[in-house]
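Good morning, everyone, and thank you for making the time. I would like to walk through one model with you, going from the chains down to single residues.

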6 protein chains.
Amino acid sequence: MKATICRKIRFNAAHRLHVPDWDAQTNFKVFGKCNNPNYHGHNYVLEVKVRGEIDPVSGYVMDMKILKALLENEVEDKFDHKNLNLDTSEFKDLNPTAENIAAVIYNNLRLKIENTKELTLILHETENNSVEYNGK
Amino acid sequence: MKATICRKIRFNAAHRLHVPDWDAQTNFKVFGKCNNPNYHGHNYVLEVKVRGEIDPVSGYVMDMKILKALLENEVEDKFDHKNLNLDTSEFKDLNPTAENIAAVIYNNLRLKIENTKELTLILHETENNSVEYNGK
Amino acid sequence: MKATICRKIRFNAAHRLHVPDWDAQTNFKVFGKCNNPNYHGHNYVLEVKVRGEIDPVSGYVMDMKILKALLENEVEDKFDHKNLNLDTSEFKDLNPTAENIAAVIYNNLRLKIENTKELTLILHETENNSVEYNGK
Amino acid sequence: MKATICRKIRFNAAHRLHVPDWDAQTNFKVFGKCNNPNYHGHNYVLEVKVRGEIDPVSGYVMDMKILKALLENEVEDKFDHKNLNLDTSEFKDLNPTAENIAAVIYNNLRLKIENTKELTLILHETENNSVEYNGK
Amino acid sequence: MKATICRKIRFNAAHRLHVPDWDAQTNFKVFGKCNNPNYHGHNYVLEVKVRGEIDPVSGYVMDMKILKALLENEVEDKFDHKNLNLDTSEFKDLNPTAENIAAVIYNNLRLKIENTKELTLILHETENNSVEYNGK
Amino acid sequence: MKATICRKIRFNAAHRLHVPDWDAQTNFKVFGKCNNPNYHGHNYVLEVKVRGEIDPVSGYVMDMKILKALLENEVEDKFDHKNLNLDTSEFKDLNPTAENIAAVIYNNLRLKIENTKELTLILHETENNSVEYNGK
């Protein structure tokens, strides 16, 4: 039988929403306060869901310690206490909306989790705003 | 690629669960304390999920400011600090269970969100009770 | 040595804020949407704090089962799924603001908890609004 | 139309993760601190989701009072304030991982909820770790 | 009788912890990742507590609508979606630690709330870190 | 000026409430299900509050990294994933009620935090039950 395990982690980062091809007025119209050229920031909460067979001996879908270590390497080390626009290669040319942050982390994690397991991410940007991404 | 954005809003309302075609005993048996003729109330928390393509330029599935404004018009203005049974046209002849409240709000919102986007609602009536509705 | 134990309970009720001696305009100016004559409602969360000596044998300030039973009798049975204005003797002539609800419950509980113990209440009316009352 | 109702309950239990066929070193490597022979414990939070048709008269998918009573019988009475390994028949020969606890409760509940209704469980073992199980 | 009302608000901001008089090594030793020259950010949650007499007629310590409007002017408009170091006059020459942010907001609010009322702030920088300040 | 910083940590442990000098009936009457001889367990959440002067240069009451490390040594290493009755010296002869756990941790921490700073602990045993202790 299959189950879906979920691990929640947090990272705190600065970002700015901005499309270089648009003029200042369009950027402000679409992104509002999130377009502040001096950046603002969030406490991001990421839920990582891995679905797969329950191992009949261990009773685990996946060892949470291994998932935890993977998330420390691939998410916390890369993004925690960073400026997403300035400090990360992933958002040099990609607008760091919650949708794009979730997709970038998904793509990074997808490479490290075996393909027999399904992967879904939920990224909370604020208490009221979140986004879900599963690569489909 | 697609993603699902989620916006959470709150509204505080009074309601009474009651089926006029049933006698008092049946109403009390089914609805218990929720059948109080003088009403009781809740802090409703509504999660609104919209699934669609991530715009490759903006990085948005949908502008959260637009979704926020829509929810203020269609949910907060209509239901916040209201008596659902007495103050709203939707529940004049419909029992305001969490299931029906979710369905009514879904139907109102479905008309205002383009059909290429999927819509799902989760309505929390108390900390322990909630209902999910997606029109299927 | 002393410690403060805290028990959290919930009750869901309807209410209306209204001062009979004021005209409609003043009531609306002060109480806004909370003055709706058809009532609205909340999921109230009450934290009850009791401070006293830790019994050196049991290790308890007070048996939580006894506090829980007291709160069921004095708070849940009286106020849960009630219309505070219509269904309770306490608010027949008292405006059921969060401040007054906290004071009423405090006075009810104070009679049932021995005077060597200090009592403090925190009443949450919404996620963002609360009131603390300790009879001083 | 269908909706999914969700009821959340809690139970506090001790457990130990251990596979008798493995040696001590392997058990510690896989289960780490969770292998402590003297047990440790958790405040488990269980979300029980039942999906079915909304009854057009009552407006209910299922009476929450009935679901609540079922969960008290099948979950709280069996597992609350218990040692899962020592006090329950279900985990005499089954490792009480979150995955297996969710599957055991699912199987118990599935027998008591009519088959026209779908059942999904989410079991939170800590604030950051959870598992979802739907029998598929 | 007196009561303490509490209003919770949120603002999302970028900041950097840095003491200009210290060398880079000392700044990194004390502030660690928070010293990142490109800034990072947080979802700040602020609890504002106002203690005063319960008005015997209205049943209010203070009109929450007035407190809410004050916090929108003095906190949200000044700090939400801002870079605290670059966009605000208050932190031009003051290190924006949680302690200092709380003290600055306290001083701003203290001028606008009558002196018969006591004021206390709790500022949450992350889920696990917060600071309380009451001007004493 | 002074401020109070607060750090929240978690530990998961098993325990049994039991007074050896009492007979089985008295133990069950007072401690109920918590007297289970096979133990049960909790996800404990501990809030540690330290009050002191804000350093005028750093803007810190105390370096949170130092407090975090102290709590890992004195709380997590000692109590996480432990059986409080069997695995710890502190509760060999002391009933591990929430009151006593808070007092024990307070006494341990008090030795490691300079005396110019005030210390207060809040220990949450369940979502609804907690205890506050400050050594007075």
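This is a predicted model: local features need pLDDT of at least 70, side-chain atom pairs count only at pLDDT 80 or more; totals for chains, interfaces and linings use all residues.

Chain C and chain D do not touch either, with 14 Å between their nearest C-alpha atoms.

Now to chain A by itself. Chain A holds 4 helices and 5 strands, and, read from the N terminus, these elements follow the order β-α-β-α-β-α-α-β-β. The C-alpha trace of chain A spans about 60 × 25 × 25 Å along its principal axes. Of the 136 residues in chain A, 61% are buried. If we take the contacts in chain A with a separation of 6 or more, 67% of them are between residues 24 or more positions apart.

How many residues of α4(A) are buried? The count is 12 of the 13, so α4(A) is largely enclosed by the rest of the structure. The buried residues include Ala98(A), Ile101(A), Val104(A), Ile105(A) and Leu109(A), and among them are also Glu99(A), Asn100(A), Asn108(A) and Arg110(A).

In chain C, helix α2 (residues 64-79) and helix α4 (residues 98-110) pack at an angle of about 145°, their axes being 10 Å apart, and the crossing of α2(C) and α4(C) is right-handed. From α2(C), the residues Leu70(C), Leu71(C), Glu74(C), Val75(C), Lys78(C) and Phe79(C) meet Val104(C), Ile105(C), Asn108(C) and Leu109(C) of α4(C). Sorted by class, that contact of α2(C) with α4(C) is made up of 7 nonpolar, 1 polar and 2 charged residues.

Turning to chain E, the axes of helix α2 (residues 64-79) and helix α4 (residues 98-110) come within 10 Å and cross at roughly 145°, and here the crossing of α2(E) and α4(E) is right-handed. The residues of α2(E) that meet α4(E) include Leu70(E), Leu71(E) and Phe79(E), and among their partners in α4(E) are Val104(E) and Ile105(E). By class, the contact of α2(E) with α4(E) has 7 nonpolar, 1 polar and 2 charged residues.

Let me move to backbone geometry. Most residues other than glycine have a negative phi. His81(A), however, has a positive phi, near 60°, and it sits in the loop between α2 (64-79) and β3 (82-83) of chain A. Is His81(A) buried or exposed? His81(A) counts as buried, because its relative accessibility is 9%. In chain E, His81(E) has a positive phi of about 60° although it is not a glycine, lies in the loop between α2 and β3 (82-83), and is buried, with a relative accessible area of 9%.

On the cysteines, the structure holds 0 disulfides over all chains. Cys6(D) is in no disulfide, since the nearest cysteine sulfur, that of Cys6(B), is 14 Å away. Cys6(D) counts as buried at 6% relative accessibility.

I will finish with Arg10(F), which lies in strand β1 (residues 2-15) of chain F and counts as partly exposed at 25% relative accessibility. Leaving aside residues up to four places away in sequence, Arg10(F) touches Tyr44(F), Val45(F) and Glu76(F), together with Glu127(D), Glu127(E) and Asn128(E). Arg10(F) and Asp80(F), finally, are 70 residues apart in sequence and 8.0 Å apart in space, C-alpha to C-alpha.

Definitions and conventions
Residues are numbered from 1 along each chain as its sequence is written. Chains are lettered from A and ligands numbered from 1 in the order in which they are written. Side-chain values use heavy atoms; hydrogens and water are left out. Axes are lines fitted to C-alpha atoms, for helices over the stretch in contact, and angles run from 0 to 180 degrees between N-to-C directions. Helices (H or I, at least four residues) and strands (E, at least two) are DSSP runs, numbered from the N terminus. A crossing is left-handed if the near helix is turned anticlockwise from the far one by less than a right angle, and right-handed if clockwise. Contact means heavy atoms within 4.5 Å. Ala, Val, Leu, Ile, Met, Phe, Trp, Tyr, Cys and Pro count as nonpolar, Asp, Glu, Lys and Arg as charged, and the others, Gly among them, as polar. A disulfide is a pair of cysteine sulfur atoms within 2.5 Å. Buried means under 20% relative accessible area, exposed over 50%, partly exposed in between (1.4 Å probe, protein chains only).
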